[in-house]
Structure formats: C-alpha cells, structure tokens
Amino acid sequence: MKKLKEILNKEKHLWFYVKLQDSKKFLSFVKQNGCKWISGDEINTETDNCGHFMGINIDLRLGYVSAMCWVYAKDKIKKIEFDRISVVN
C-alpha cells in the first residue's frame, strides 16, 4: 500500500474498518506512517486500543469514528477495510 500521506494528499480523510484481531497491527501500521492520536499523543502499540471504525486526516491525526457516522457518510469519505490491504512491515 502507498504511504498514508500520499493517499491523504488526494483524499483529505481516510476511514478504516478494523477487525478486533487486527487492532495492534493497524496501530503499528499507522504509527509507522507518522500518525498520532487526535490529541497529539504518540500511539503506543503496547497499551493503546482502537475501535472498529477509525479515521485519519491529512495531518495524520487518528481518531475514533462512530458507527452512525460510518453508515451515514456513504461514499463521502474513502473507506478501507484494513484486513484487505497489503501492509509491508
């Protein structure tokens, strides 16, 4: 997969669907791509958790997306199923 920053230059926002068993892998992936929590805190892959729906903006800030927003956003924001992308460590 391309670097997140490259995709975000075009999309501005990305939303990810993350399965529970992939949460640590997802957090590692976004951290390696320079993401931080929306608060500005560093992502700690050992202690932090993520939800099923996560969003990243152009500033590489990561946050939770509610299920209602996920459903009603339809095609307005690019959505990616994390387990279907190829992640190279």
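1. Start at Gly55. In this predicted model, Gly55 has Gly63 of β4 as its bridge partner. Strand β4 covers residues 61-64 and runs antiparallel to β3, with three bridges joining the two.

2. Look next at the turn. Three residues sit between the strands of the β3 and β4 hairpin. Leu60 takes a positive phi near 60° there.

3. Then take the pairing with β1. Strand β1 (residues 13-17) pairs with β3 in the antiparallel sense, over five bridges. Trp15 has Gly55 as its bridge partner in β3.

4. Is β3 mostly covered or mostly open? Strand β3 spans residues 53-57 and is mostly covered, with five of its five residues buried. Phe53, Gly55 and Asn57 point one way, while Met54 and Ile56 point the other way. In a regular strand, side chains alternate between the two faces of the sheet.

5. Now the largest nonpolar core. It has 21 residues. Those with the most contacts inside it are Leu4, Phe16, Phe26, Val30, Ile56 and Leu62. At least two residues come from each of α1 (4-11), β1, α2 (23-32) and β3. Helix α2 gives the largest share, four residues.

6. Finally, Phe16. What does Phe16 touch, leaving out residues up to four places away in sequence? Its contacts include Leu4, Phe26, Met54, Ile56 and Phe82.

Note on methods:
Residues are numbered from 1 along each chain as its sequence is written. This is a predicted model: local features need pLDDT of at least 70, side-chain atom pairs count only at pLDDT 80 or more; totals for chains, interfaces and linings use all residues. Side-chain values use heavy atoms; hydrogens and water are left out. Buried means under 20% relative accessible area, exposed over 50%, partly exposed in between (1.4 Å probe, protein chains only). Two strands pair if DSSP finds at least two bridges between them. A nonpolar core is a set of buried Ala, Val, Leu, Ile, Met, Phe, Trp, Tyr and Cys residues joined through side-chain atoms within 4.5 Å. Contact means heavy atoms within 4.5 Å.
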